[in-house]
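I opened my notebook to follow a sheet, a residue within it and a nonpolar core. These entries record what I looked up, in order.

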Amino acid sequence: MKDFYCDKPWENVLVEVNGDCYFCCFILRPSGRIGNLKKTTLEEAWTSRRANKIRKLIGQGKIPYCCQICPFYGEFKHQKVFFYRIYFHTRRIYDLLKDFWQGGFTRYRFNLRLKKLKKLLGLA
């Protein structure tokens, strides 16, 4: 993929309960962890060797390994792997149900989105 760019490594940091730091929620894998707040400060994690390596690769227009499963910018190699297809569809269903339970949209809109998901999964 040419001209890959993502601004998250310059804008975001995601801190998990255990202190692990990542740039976004899609790179929650060991190669995407930039630090741990139990061992270092946030500033040290932000400027860590791994964080700078990820920024350097993105600056060169390359996709770092930890970003290859990103549904927005990745190479979508995961679509060929059954496990990732199940994971992302399950995540969509979970988000759909969560929005519905929190009053995010009406039953009619819920049914429309559910039909779309069934079509994606090949159930309809």
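Before reading the sheet, I noted that two strands pair if DSSP finds at least two bridges between them. The model I am reading is a predicted one.

Entry on the sheet. I looked up the strand order and found an open sheet of three strands, β1-β2-β3, in which the pairing is antiparallel. β1 (14–15) and β3 are at the edges, and because each has a single partner strand, one side of each has no neighbour in the sheet. I then checked how β1 meets strand β2 (residues 20–22), and I found that two bridges join these antiparallel strands. For Leu-14, the bridge partner in β2 is Tyr-22.

Entry on Asn-36. I located Asn-36 in strand β3, which covers residues 35–36. Is Asn-36 buried or exposed? Its relative accessibility is 13%, and since buried means under 20%, Asn-36 counts as buried. I next followed the side chain of Asn-36, which makes a polar contact with the side chain of Asp-20 at 2.6 Å, and which also reaches the backbone nitrogen of Lys-38 at 2.7 Å. Leaving aside residues up to four places away in sequence, I listed Asn-18, Gly-19 and Asp-20 as the residues that Asn-36 touches.

Entry on the core. I looked up the largest nonpolar core and counted eleven residues in it, among them Cys-6, Phe-23, Ile-34, Ala-45 and Cys-67. Helix α3 (residues 49–59) gives this core its largest share, three residues. As background, I wrote that nonpolar side chains tend to be buried together in soluble globular proteins.

Terms used
Residues numbered from 1 in each chain as written. Predicted model: local features only at pLDDT ≥ 70, side-chain atom pairs only at ≥ 80, totals over all residues. Heavy atoms only, no water. Helix = DSSP H or I, 4+ residues; strand = E, 2+ residues; numbered from the N terminus. Buried < 20%, exposed > 50% of the residue type's maximum accessible area, 1.4 Å probe, protein only. Polar contact = N/O pair within 3.5 Å; in protein donor to acceptor, adjacent residues only side chain to side chain. Contact = heavy atoms within 4.5 Å. Core = buried A, V, L, I, M, F, W, Y, C linked by side-chain atoms within 4.5 Å.
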